[in-house]
Amino acid sequence: MLTPRQLFLRHQAQTSDFPLLLEIERAEGVYMYGPDGQRYLDLIAGIGVSNVGHRHPQVLRAIQDQLDKYLHLMVYGELVQAPPAQLAQALTATLPAHLDNVYFTNSGTEAVEGALKLAKRHTGRTKLLSCLNAYHGSTHGALSITGSEGFKNAFRPLLPDVHHFRHNNFEDLQLIDEHTAAVVIETVQGEAGVRVPVPGYLPALRQRCTEVGALLILDEIQCGFGRTGTFWAFEQFGIAPDILLTAKGMGGGMPIGAFIAPQHIMAGFKTDPILGHCTTFGGHPVSCAASLATLRVIQDENLLAGVAAKAARFRRQLVHPAIRAVRHCGLLMAVEFDSFEVLKPIIDRALWEQHLLTDWFLFCDNSLRIAPPLTITEAEIDEACAGLLRAIKN
């Protein structure tokens, strides 16, 4: 009988020639465990997914309770089902009043696709703007607005009338004009290596979109659901979007995403044509139950209150001559080194010698990613920092 590793290599598609090949048998909290019982501290939370940790008991209970009722019933948006309806209400309760309508998807990139269609439908325009070094997903529309030519060229032709501007550059805001359907921007850039908006930038962007009638779409797929220390990152910058994207951390480990907009904008999908956007599994009741439990865990355990102190604890300890900078917004952190050639051996030693799982960023490959579950304790932070420093020194 073939082992899981052999089956993985023989039959499962990979996306690089150098997969980690770390075999995991179970996970709980901030730790993952191999078949031999070896424990690995997860410093990236499944790339921003497990914000409340792996297999949080409250999330597991919600999943089990829903399993005992029903699974998939009908394509999204036809039958009244409590889990998506209750989750939609809970999400909108965290948001400004105008963001009152939720369209559930299976993933972040699907949320992007739906939002792009909605912006074109509502404005009647075709021009889309996004940032250089932005990452919004891998499907054709999301890839079109991703700001890296290296990831796009092999898959052209992509969407027409897509343009890119420089993040934190005020002059480039003039590229937003009366032909623009939407500007799509990460509230905090993730794959660019955690780039935080400079003071006044997002308000100026918001004002420019309003002036020309373009919709502002904030991508909080990675930085939402408490990752930055507020439930939504945009709360820290004094603005609100016309459409909000979320996924990753919202599911507690289950696949789910959403785009959220005012009801009058979302209504564009109902007519001319009917079923203007449709998904079979979006709003799956089990994923929605898990997401609602995740939201409640963040609120009930007051996880947001500890994010700033935990980030500061990382920063105090991650001091070494090889570290050039530490950028962060809450527990979305980038530790910068001279080059990928310096960083990659550190990541490998951290995993195989110190049993810490981390990563680099797609568009900033000289920076190490730290984005642990928000539930990480002080002792676990100390364990992680000590292991990282040993990996740097070796």
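The model is predicted. Seven strands form an open sheet with mixed pairing.

- E4 and strand E6 (162-165) are the edge strands, and each of them pairs on one side only.
- From one strand to the next, the twist averages 20°.

- Strand E10 covers residues 257-261, and five of its five residues are buried, so the strand is largely enclosed by the rest of the structure.
- Gly 257, Phe 259 and Ala 261 point one way from E10, while Ala 258 and Ile 260 point the other way.
- The residues on both sides of E10 are all buried.
- On one side in the strand order stands E4 (residues 101-105), which pairs with E10 in the antiparallel sense over five bridges.
- Strand E9 (residues 243-246) also runs antiparallel to E10, and three bridges join these two strands.
- Phe 259 of E10 has a partner in each of these strands: Tyr 103 stands opposite Phe 259, and Phe 259 is also the bridge partner of Leu 245.

- Strand E5 (residues 127-131) is mostly covered, with five of its five residues buried.
- Lys 127, Leu 129 and Cys 131 lie on one side of E5, Leu 128 and Ser 130 lie on the other, and both faces are covered.
- E5 pairs with strand E7 (residues 180-186) in the parallel sense over four bridges.
- In that pairing, Ser 130 stands opposite Val 184 of E7.
- E5 is also joined to E6 by four bridges, and these two strands run parallel.
- Here Leu 129 has His 163 of E6 as its bridge partner.

**The second largest pocket**

- The volume of the second largest pocket is about 800 Å³.
- Its lining consists of 33 residues, and those nearest its centre are Tyr 76, Gly 77, Glu 78, Val 102 and Tyr 103.
- Helix H4 (82-93), E4 and helix H9 (263-266) are the elements that give two or more residues to this lining.

- Thr 146 is in the loop between helix H6 (140-145) and helix H7 (149-152).
- Its relative accessible area is 0%, so Thr 146 counts as buried.
- A polar atom of the Thr 146 side chain lies 3.2 Å from the backbone nitrogen of His 136.
- Leaving aside residues up to four places away in sequence, Thr 146 touches Ala 134, Tyr 135, His 136, Gly 137, Lys 152, His 164 and Phe 363.

- Arg 5 is in helix H1 (residues 4-11).
- Arg 5 counts as partly exposed because its relative accessibility is 37%.
- Not counting residues up to four places away in sequence, Arg 5 touches Leu 21 and Glu 23.
- Arg 5 and Leu 21 are 16 residues apart in sequence, and their C-alpha atoms are 7.3 Å apart in space.
- Leu 21 is in the loop between H1 and strand E1 (26-28).
- With 29% relative accessibility, Leu 21 is also partly exposed.

- Most residues other than glycine have a negative phi, and most peptide bonds are trans.
- Leu 21 has a positive phi, near 60°.
- Ile 47, which is not a glycine, also has a positive phi, of about 60°.
- Ile 47 is in helix H2 (residues 45-48), and its relative accessible area of 22% makes Ile 47 partly exposed.
- A cis peptide bond runs from Arg 156 to Pro 157, with omega near 5°, and Pro 157 is in the loop between H7 and E6.
- Another cis peptide bond runs from Asp 272 to Pro 273, with omega near 10°.
- Pro 273 is in the loop between H9 and helix H10 (285-300).

Methods:
Residues numbered from 1 in each chain as written. Predicted model: local features only at pLDDT ≥ 70, side-chain atom pairs only at ≥ 80, totals over all residues. Heavy atoms only, no water. Buried < 20%, exposed > 50% of the residue type's maximum accessible area, 1.4 Å probe, protein only. Contact = heavy atoms within 4.5 Å. Pairing = 2+ DSSP bridges. Axes fitted to C-alpha atoms, helices over the stretch in contact; angles between N-to-C directions. Polar contact = N/O pair within 3.5 Å; in protein donor to acceptor, adjacent residues only side chain to side chain. 1 Å grid on protein atoms, 1.4 Å probe; cavity = no way out; pocket = protein on both sides within 12 Å on 5 of 7 lines; lining within 4 Å. Points joined across faces, edges and corners; volume = space filled by probe spheres on them.
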